[in-house]
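Reader: I have a model open and would like to go through it. Can you take me through the annotations first, then the packing?

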Amino acid sequence: MARRAVEQELSRERIMDAARHLFITKGYRGISMRSIGQHLGYSHGSLYYHFKEKAELFYAIVMQDFNHLTVLCEQVTRRPMMDGLTKTEELMLEFIKFGLDHPHQYEIMFMLRDEEILSYCRAEQAKCFDKFKTIALRFLKEEQHPLQQNPSFPLTMFLGVHGFISYYIQDRLTFDEIMPAAVGHVRMLSQSSYRMTS
């Protein structure tokens with residue numbers, strides 16, 4: 001009865017939320033299943049009901065966060081256009097919004113440099129970029145953007161938004177706090193190409 005109560009109370013989501021924070025603050029190597037359990041106030045044995053090992057827990061977090069970002073990017077394709085912005089610019093803004101409003105998730109997805117865990121992230125990073133590229137190319141074509149045929153332009157956009165997030169994420173600013181700068185940045189990324197091709 002006690003074990004069942006613990007298993008029900010200590011959900012996968014609660015474990016993942018705590019572990020995500022610890023992975024960022026202490027690093028992947030700096031924590032163990034035991035330390036995650038201690039952080040939550042449970043024995044580490046109760047975590048093994050949900051995850052067989054630390055690597056499995058980390059990968060579950062990475063998958064969840066990349067899936068969330070993918071859904072947000074896909075939603076841009078279905079919603080009405082925002083005033084004064086192209087759909088390409090909206091896509092880049094959505095990416096920036098995710099990074100700034102979910103800094104712990106973004107840092108795990110794109111900014112951790114531990115060799116032991118890079119393999120878990122690299123494949124998901126590539127899938128994320130492929131999704132971003134597919135949506136961006138569709139928008140660029142619809143907008144008859146001068147660089148719609150340039151295969152490297154989506155990567156330039158992707159790296160541009162990542163650089164913006166990486167710079168501002170250190171200050172823990174929310175998207176709303178930095179939105180004017182974000183809008184200016186994505187417009188510059190998008191519209192500078194017109195000058196390049198003129």
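**Annotations and packing**

Author: The UniProt annotation "DNA-binding region", from an unreviewed entry, covers residues 32-51. Bear in mind that this is a predicted model.

Reader: How far apart are the end C-alpha atoms of residues 32-51?

Author: They lie 12 Å apart, and the span is 40% helix and 0% strand.

Reader: And which residues does UniProt list for "domain: HTH tetR-type"?

Author: Residues 9-69, again from an unreviewed entry. The end C-alpha atoms of that span are 28 Å apart, with 66% helix and 0% strand.

Reader: Switching to packing. Why is helix α6 described as largely enclosed by the rest of the structure?

Author: Because seven of its nine residues (the helix runs 103-111) are buried. Those are P103, Q105, Y106, E107, I108, M109 and F110.

Reader: What do the buried residues of α6 pack against?

Author: Five helices are involved: α2 (12-26), α4 (54-78), α5 (87-101), α7 (115-142) and α8 (153-168).

Reader: How many residues are in the largest nonpolar core?

Author: The count is 63, and the residues with the most contacts inside the core are I36, L57, F58, F95, I96 and F110. At least two core residues come from each of α2, α3 (33-40), α4, α5, α6, α7, α8 and α9 (175-197).

Reader: Which helix gives the largest share?

Author: α4, with 11 residues.

Reader: Back to I96. What is it in contact with, leaving aside neighbours within four places in sequence?

Author: V161, F164, I165, F175, A182, H185 and V186.

Definitions and conventions:
Residues are numbered from 1 along each chain as its sequence is written. This is a predicted model: local features need pLDDT of at least 70, side-chain atom pairs count only at pLDDT 80 or more; totals for chains, interfaces and linings use all residues. Side-chain values use heavy atoms; hydrogens and water are left out. UniProt positions are given in the numbering used here, feature names are shortened, and annotations may be inferred rather than shown by experiment. Helices (H or I, at least four residues) and strands (E, at least two) are DSSP runs, numbered from the N terminus. Buried means under 20% relative accessible area, exposed over 50%, partly exposed in between (1.4 Å probe, protein chains only). Contact means heavy atoms within 4.5 Å. A nonpolar core is a set of buried Ala, Val, Leu, Ile, Met, Phe, Trp, Tyr and Cys residues joined through side-chain atoms within 4.5 Å.
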